Amino acid sequence: MRPSVRGVLLDHDERLVLFRRTVPGRARYWSVPGGHVEPQDGSLEDTLHRELLEELGATVSDVTFLVTVSYPWRGEVKTQHVFGCRLVSMDPELRHGPEFEDPARGLYEVERVPLERSELFARNLIPEAVAGYLSANIAALPRLIG
């Protein structure tokens, strides 16, 4: 299974940028943006920049490696490399890719939430391994990310 990256993205007001996902036939959930490493990506950080541009139309700074999490997924082990970063700009008009071309993938709505444990618990944040890391480290995130 291809590894993935996730971006724990903080805006200038120290809010966490999440996707609220509405997928047909599935309960609503939230996730931090990211995606699979592609063969043309030179590094995990390159993957992160590409994915954030595709999914959010975002450019970021202060990219900081936070953690690698692995968990069972569809009979295999999924590995996600989680980076923290600061939002520099975001233009929804720049969003592109399969997430927005295939209606069966559902909606990817951007939501900014206060960086508080209660906000994470109020949402079905997946994957659970990333949610657990965020919950355990939420107070330290602004210091960890540049």
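The questions and answers below concern this model.

Reader: On what basis are the values computed?

Author: This is a predicted model, in which local features need pLDDT of at least 70 and side-chain atom pairs count only at pLDDT 80 or more, while totals for chains, interfaces and linings use all residues. Residues are numbered from 1 along each chain as its sequence is written, and side-chain values use heavy atoms, with hydrogens and water left out.

Reader: Which residues does UniProt list for "domain: Nudix hydrolase", and how far apart are the end C-alpha atoms over residues 1-134?

Author: The UniProt record, an unreviewed entry, lists residues 1-134 under that name; its positions are given in the numbering used here, feature names are shortened, and annotations may be inferred rather than shown by experiment. Helices (H or I, at least four residues) and strands (E, at least two) are DSSP runs, numbered from the N terminus. Over residues 1-134 the chain is 22% helix and 45% strand, and the end C-alpha atoms are separated by 24 Å.

Reader: What span should helix 1 have, and what is the distance between its end C-alpha atoms?

Author: Helix 1 covers residues 44-56, which is 13 residues. The expected span is 1.5 Å times one less than the number of residues. For helix 1 this gives 18 Å, in agreement with the distance between its end C-alpha atoms, 18 Å.

Reader: Which residues of helix 1 are buried, and which residue follows the helix?

Author: Buried means under 20% relative accessible area, exposed over 50%, and partly exposed in between (1.4 Å probe, protein chains only). By this criterion the buried residues of helix 1 are Thr47, Leu48, Arg50, Glu51, Leu52, Glu54, Glu55 and Leu56. The helix is followed by a residue with a positive phi, near 70°, namely Gly57.

Reader: Which residues touch the most other members of the largest nonpolar core?

Author: A nonpolar core is a set of buried Ala, Val, Leu, Ile, Met, Phe, Trp, Tyr and Cys residues joined through side-chain atoms within 4.5 Å. The largest such core has 22 residues, and those touching the most other members are Val8, Leu16, Leu18, Leu125, Leu134 and Leu141.

Reader: Which elements give two or more residues to this core, and which residues belong to another core?

Author: Two or more residues come from each of strand 1 (4-10), strand 2 (15-22), strand 5 (58-73) and helix 4 (128-137). Apart from this core lies another, of 14 residues, which includes Val5, Phe19, Leu52 and Tyr108.

Reader: Which residues of helix 4 are buried, and against which elements do they pack?

Author: The buried residues of helix 4 are Val130, Ala131, Tyr133, Leu134 and Ser135. With contact meaning heavy atoms within 4.5 Å, these buried residues pack against strand 1, strand 2, strand 5, strand 6, helix 3 (117-121) and helix 5 (141-144).

Reader: Why is the pair of Phe19 and Tyr108 classed as it is?

Author: Rings of Phe, Tyr and Trp (its six-membered ring) pair if their centres lie within 6.5 Å; planes under 30 degrees apart count as stacked, over 60 as edge-to-face and the rest as tilted. The centres of Phe19 and Tyr108 are 5.4 Å apart and their planes stand at 85°, so the class is edge-to-face. The pair links Phe19 in strand 2 with Tyr108 in strand 7 (residues 107-114), at a sequence separation of 89 residues.

Reader: Is Phe65 buried or partly exposed, and what is the relative accessibility of Phe83?

Author: Phe65 and Phe83 form an edge-to-face pair, with 5.6 Å centre to centre and 75° between the planes. Phe65 is partly exposed, because its relative accessible area is 46%. Phe83 counts as buried, with a relative accessibility of 7%.
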